[in-house]
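Hello,

Here is the structure I said I would pass on. Please look through it first; my notes follow below.

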Amino acid sequence: MAGLQSVNTPKLSRRVLLAATTVAAMGAATAAAQEAPPEKVDISSLPRVKQAMVAPPFLPEHEQVATGGPKIVEVTFVIEEKKMVIDGEGTEVWALTFNGSVPGPMIVVHEGDYVELTLKNLATNLMEHNIDFHASTGALGGGALTKVLPGEQAVLRWKAVKSGVFVYHCAPGDIMIPYHVVHGMNGAVMVLPRDGLKDGKGNPLKYDFAYYIGEQDYYIPRDEQGAFKKYETAGEDLSESLDVMRTLTPTHVVFNGAAGALTGDAALKAKVGDNVLFIHAQANRDSRPHLIGGHGDYVWEAGSFADVPQTGLETWFIRGGSAGAMLYKFRQPGIYAYVNHNLIEAVMLGATAHVVVDGEWNDDLMMQVVKPEPIT
Ligand SMILES: [Cu+2]
């Protein structure tokens, strides 16, 4: 196997795991203001609210239209390195997680609010971690200010100045950036406009509820027989995992951590007439969501709620390193498949969710005129 090791593959050691380079620190010092100094905000006068995190595909309790002025929204992420099964064959990954889930929990705030994150790295973990919020401004998205070793915590506050849906991810430096991201260490933030979502004509758009789909590409090493390898501890797969990552060919592309995480008993649910907002995040790799049997009624493909949503889309594109949002009103009952419409990835690698929709069938929209029968 030694021949497969690339010259760039570092020797695995605790030092490599922990010392994720100092590249991330460089951004912190370059905050020279080029415009007029920003208006001073008296942070101490703002109301504080705690937002309880919930596991995906659900979103924390939130208002669609903000009542009152800007707030400081306090959230806590606990970093946990944990072994997870990612498919029906028992394939394992030592996932690097925010709050124990892949993706990490979604934070929901309004434009002008402040997110105040307490980031805790459990003492039982082996690696240094941090967080880069694409929704934030400065210091590598907070990455330079949140590096925490096992047993440490840090608090970061950032102002939500752009509305939209955005990914966040761990970015401890150098090779550890992609390594942590493809081991599950990513999630999403939704920053709503204070007066809620709008169509292109200024009319309000409301959702009955929302689902949060985090797409994850995994690169699991195989043994000489081609079976996926298992490891005793987090990080033990580092050099072999980097070799698979270099192929840019994922072994798994899944929604919410594992193949089948959103099908069967865990399928998403809705009723005919429900307006459902789907938020799709992909921190590393391009995707192309498609709702089989439906459409994207309103799609903020690149994620910015400042932009007019596209309408009636067939399939939309999620750029790797971004999140997008889609609003759809279900018009027929039955099972819808929400897929990455690279169908190899959907069917063979795992990127499929199901939405089970209750309600009355509408013959006008579709009917089976003749059941399958011998050709006459
Ligand atoms: Cu990390």
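This is a predicted model: local features need pLDDT of at least 70, side-chain atom pairs count only at pLDDT 80 or more; totals for chains, interfaces and linings use all residues.

**Domains and their contact**

Domain 1 puts 47 residues into the contact between them, and domain 2 puts in 48 residues.

Which elements give two or more residues to the side of domain 1 that touches domain 2? They are the strands β2 (72–85), β3 (92–98), β8 (164–169) and β9 (186–192), together with the helix α3 (176–181). Sorted by class, this side of domain 1 holds 31 nonpolar residues, twelve polar ones and four charged ones.

**The chain as a whole**

The chain contains 21 strands and five helices. Of its 376 residues, 44% count as buried.

As for overall dimensions, the C-alpha atoms fill a box of roughly 70 × 60 × 35 Å along the principal axes. The radius of gyration of the chain is 22 Å; a compact globule of 376 residues would have a value near 21 Å, so the two agree.

One last item concerns contacts along the sequence. If we take the contacts in the chain between residues at least 6 apart in sequence, 75% of them join residues at least 24 apart.

Regards

Technical notes. Residues are numbered from 1 along each chain as its sequence is written. Two residues are in contact if their C-beta atoms, placed from the backbone, lie within 7 Å. Helices (H or I, at least four residues) and strands (E, at least two) are DSSP runs, numbered from the N terminus. Ala, Val, Leu, Ile, Met, Phe, Trp, Tyr, Cys and Pro count as nonpolar, Asp, Glu, Lys and Arg as charged, and the others, Gly among them, as polar. The radius of gyration is taken over C-alpha atoms; the globule rule is 2.2 Å times the number of residues to the power 0.38. A residue is buried if 20 or more other C-beta atoms lie within 10 Å of its own, exposed if 12 or fewer, and partly exposed in between; C-beta atoms are placed from the backbone.
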